[in-house]
Amino acid sequence: MPLRAQCLKLPTYLDQVADVKLMRSPTEVDHYQLQRSIDVYVTPTGEDLGKDAQAITKIIADTHLPPNLRINLRGLEVTMQSSFKSFGFGLLLAVLLAYLVLVAQFSSFRDPFLIMLAVPTGLIGVLITLALTGTTLNIQSLMGVVMLQGMVVSNSILIVDFANVLRGEGHSVREAVAHACRIRLRPILMTSLATIVGLLPMALKIETGSEAYAPLALVIIGGLISSILLTIFVVPAAYLLIYQHREAPGRAPALEEAH
């Protein structure tokens, strides 16, 4: 490598004035928020990003760092955590809005509370389904949980509303809630089974590309099944506990059967 100067007629070569040695150096210099950074890329081997993120977080926590160095975890894990927080807030907001709408419709705070008891029964089925099928809690499954909330509430509305109608016709609390469960069980089964059968092809991953939406279908199917089995016991029992003390003592049922 020749070195030239204005006062020199012949060039001087670099090896005459310097010692040339080979050394390792970065081919590029990265910056994040105007600060020097070194990127370490990790590719998950499976679909469960949460376990990999927890393992990386544990390694970072056990690593002793100099005072002028810090480690930031970025990429899909940050997006996943942000999505979980958004869906969690969305689920709470959906439950709250549904409760407020029911309060306006029933003109009561008690009946909407009884109706919203169906939401935990659906979540029980979601957790069991995810565990049995080995499905991770991801964006699609969280979307299924939000959609499931409206479905299980509609089933509970049928029982509570019809029980109120029967009480208005003269039935006792116990008789009204028993008739409401027996009569409204048929439409609950029809609507729920129709939804479950319609989601089976998606849950079984029959079509190409349906793997991405299978968690959504599995969550809704599992939640509806547990909601059907538990709502007809939990909601009527809570209805009876709350309203039986309001019934006048010695009141006899006015009707023997409701059609």
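Gln33 lies in the loop between strand 3 (30-32) and strand 4 (35-37), where helices (H or I, at least four residues) and strands (E, at least two) are DSSP runs numbered from the N terminus. This is a predicted model, in which local features need pLDDT of at least 70 and side-chain atom pairs count only at pLDDT 80 or more, whereas totals for chains, interfaces and linings use all residues. Residues are numbered from 1 along each chain as its sequence is written, and side-chain values use heavy atoms, with hydrogens and water left out.

**Loop residues with positive phi**

- Most residues other than glycine have a negative phi.
- Gln33, a residue other than glycine, has a positive phi near 55 degrees, and Gln33 is exposed with a relative accessible area of 59% (buried means under 20% relative accessible area, exposed over 50%, and partly exposed in between, with a 1.4 Å probe and protein chains only).
- Ser107 lies in the loop between helix 3 (76-106) and helix 4 (110-116); Ser107 is not a glycine either, yet has a positive phi of about 55 degrees, and Ser107 counts as exposed at 68% relative accessibility.

**The largest nonpolar core**

- The largest nonpolar core has 41 residues, and those with the most contacts inside it are Val152, Val153 and Tyr239; such a core is a set of buried Ala, Val, Leu, Ile, Met, Phe, Trp, Tyr and Cys residues joined through side-chain atoms within 4.5 Å.
- The elements that give two or more residues to this core are helix 3, helix 4, helix 5 (118-133), helix 6, helix 7 (173-203) and helix 8, and helix 8 gives the most, with 13 residues.
- Tyr239, leaving aside its neighbours within four places in sequence, is in contact (heavy atoms within 4.5 Å) with Asp111, Leu114, Val160, Ala163, Asn164, Arg167, Val173 and Val177.

**Packing of helix 6 against helix 8**

- Helix 6 (residues 139-168) and helix 8 (residues 214-243) pack at an angle of about 30 degrees, with their axes 9 Å apart; axes are lines fitted to C-alpha atoms, for helices over the stretch in contact, and angles run from 0 to 180 degrees between N-to-C directions.
- Helix 6 and helix 8 are therefore roughly parallel to each other, given that angles under 35 degrees count as roughly parallel, over 145 as roughly antiparallel, 65 to 115 as roughly perpendicular and the rest as oblique.
- Helix 6 passes helix 8 in a right-handed crossing, a term used if the near helix is turned clockwise from the far one by less than a right angle, with left-handed used if anticlockwise.
- The residues of this contact of helix 6 with helix 8 divide into 19 nonpolar, nine polar and one charged, with Ala, Val, Leu, Ile, Met, Phe, Trp, Tyr, Cys and Pro counted as nonpolar, Asp, Glu, Lys and Arg as charged, and the others, Gly among them, as polar.

**Packing of helix 6 against helix 7**

- Helix 6 and helix 7 pack at an angle of about 150 degrees with their axes 8 Å apart, which makes helix 6 roughly antiparallel to helix 7.
- Helix 6 passes helix 7 in a right-handed crossing, and by class the contact of helix 6 with helix 7 has 13 nonpolar, five polar and two charged residues.
- Among the residues that meet in this contact are Met151, Asn155 and Leu158 in helix 6, and Val173, Ala176 and Val177 in helix 7.

**Packing of helix 3 against helix 6**

- Helix 3 and helix 6 pack at an angle of about 15 degrees with their axes 10 Å apart, which makes helix 3 roughly parallel to helix 6.
- Helix 3 passes helix 6 in a right-handed crossing, and the contact of helix 3 with helix 6 has 15 nonpolar, three polar and one charged residues.

- Val177, found in helix 7, is buried with a relative accessible area of 7%, and Val177 touches Ala163, Pro236 and Tyr239, not counting residues up to four places away in sequence.
- Val197 also lies in helix 7, but Val197 counts as exposed at 55% relative accessibility; Val197 and Ile221 are 24 residues apart in sequence and 8.8 Å apart in space, C-alpha to C-alpha.
- Leu92, found in helix 3, is exposed with a relative accessible area of 62%, and the C-alpha atoms of Leu92 and Val146, 54 residues apart along the chain, are separated by 9.2 Å.
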